[in-house]
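Student: Could we go through this one together, looking at what lies behind the terms?
Tutor: Gladly, let's open it up.

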Amino acid sequence: MARRSPVYLLPTCNGEITTMSFLQDVVDILLQYVVKSFDRSTKVIDFHYPNELLQEYNWELADQPQTLEEILLNCRTTLKYAIKTGHPRYFNQLSTGLDMVGLAADWLTSAANTNMFTYEIAPVFVLLEYVTLRKMREMVGWPGGCGDGIFSPGGAISNMYAMLIARFKMFPEVKEKGMAAIPRLVAFTSEHSHFSVKKGAAALGIGTDSVILIRCDERGKMIPSDLERRIVEAKQKGFVPFLVSATAGTTVYGAFDPLIAIADICKKYKIWMHVDGAWGGGLLMSRKHKWKLNGIERANSVTWNPHKMMGVPLQCSALLVREEGLMQSCNQMHASYLFQQDKHYDLSYDTGDKALQCGRHVDVFKLWLMWRAKGTTGFEAQIDKCLELAEYLYNKIKNREGYEMVAPVIKARMMEYGTTMVSYQPLGDKVNFFRMVISNPAATHQDIDFLIDEIERLGQDL
């Protein structure tokens, strides 16, 4: 029997039974997909070229509603061609894996469907953000978890917040008067840093030419002597250095800039020190590996993306600020319809006015619930395992013959077979090479072995 139309779902009168049945079917589809994601005999991707997918199905929007049966078919079809980012052999992006508790938390926040701007409409979520950010600041090393912060829509926005706040700290008049009222600002970051630093400079009207790229050593770490030289050079030209963005875990090499030396330079020249730990911030959870971030406690701000190394479902990115109240002063606009000053509770929990956004998704609950489920020790074990796998891969290919590969050709074949996924790119004088990312808790030594063998199999005739 054909299913009924969506018109019979809640809030339609007597729509409870139809709704329960429909949502149960959706959950069944999702559960099948989740189980399949961890099955190594299934493909990571069922790859089709864009024109093939467009022609194979009718994706167009129509005037008349579909039946619920057709809606469920749409759900199945969408997941059929989705990349299984939770698959143990998916290594393509910095965010991989599929955490069951994180998934449950995501479902819950979608059902609650509230906004993060006031305690009035998101009481528990606002408190959990307060608790979680304080804990993260403690792990950075700021006394008692002091300071401020916010969950933002990704590391690029967190980095832009840092630039915004650093500029406001040095020239608060920029908020009202704009860039024309202040001197020419310059920021510094390594040549291997994330493109979001330049993107933030463009968005804030500082300009990409005002981002000075500092040379890196052969391991991809910023060279402190070059940083100091370029700062002195900029000052001699009459520019005002206002921010240094150090990177803790670069996008391609996974390199950690020397934070202590950079902190010394920032202190000497009175420049805001930001640490982009979007990728590497998770190592703060590991007693074995957190030394790579030594000096981060001296930063003025830190970006940390739990949706990367820690495997929290997308999106979950925190911007942490050492000075309390600065973020609020920088961004507040006192919207009277949201942030009334005569409310009957502590107004410090109305956090929306320190955000650039008005509407803000609940991102904290996934991280908080996972942290409750794993404890810090669980995250530590997960991260230590990923780094151990990276070392295993390095040791396996170090002395392996025949690794002069044509990455794009092998990647194309890899996508068509759908057996595994790994990214590639050029960097500096190095032509295309595979950028191996290990952040999926489901990956094992056997999956690394499989990847190496598969690369060789796909490239044996090249």
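**Helix contacts and a buried lysine**

Tutor: Ile410, Arg413, Met414 and Tyr417 of α13 meet Ile455, Arg457, Leu458 and Gly459 of α14, where contact means heavy atoms within 4.5 Å. This is a predicted model, in which local features need pLDDT of at least 70, side-chain atom pairs count only at pLDDT 80 or more, and totals for chains, interfaces and linings use all residues. Residues are numbered from 1 along each chain as its sequence is written, and side-chain values use heavy atoms, with hydrogens and water left out.

Student: Why is α13 called roughly perpendicular to α14?
Tutor: Helix α13 (residues 407–417) and helix α14 (residues 445–459) pack at about 110 degrees, with axes 9 Å apart. Angles of 65 to 115 degrees count as roughly perpendicular, under 35 as roughly parallel, over 145 as roughly antiparallel and the rest as oblique. Therefore α13 is roughly perpendicular to α14.

Student: What makes α5 oblique to α12?
Tutor: The axes of α5 (residues 123–140) and α12 (residues 364–398) cross at roughly 60 degrees and come within 9 Å. That angle makes α5 oblique to α12.

Student: How do you know whether Lys308 is buried or exposed?
Tutor: Lys308 has a relative accessible area of 16%. Buried means under 20%, exposed over 50% and partly exposed in between, with a 1.4 Å probe and protein chains only. So Lys308 is buried. Lys308 lies in the loop between β7 (301–304) and β8 (317–321).

Student: What does UniProt list for Lys308?
Tutor: The unreviewed entry gives "modified residue: N6-(pyridoxal phosphate)lysine"; such annotations may be inferred rather than shown by experiment.

Note on methods
Helices (H or I, at least four residues) and strands (E, at least two) are DSSP runs, numbered from the N terminus. Axes are lines fitted to C-alpha atoms, for helices over the stretch in contact, and angles run from 0 to 180 degrees between N-to-C directions.
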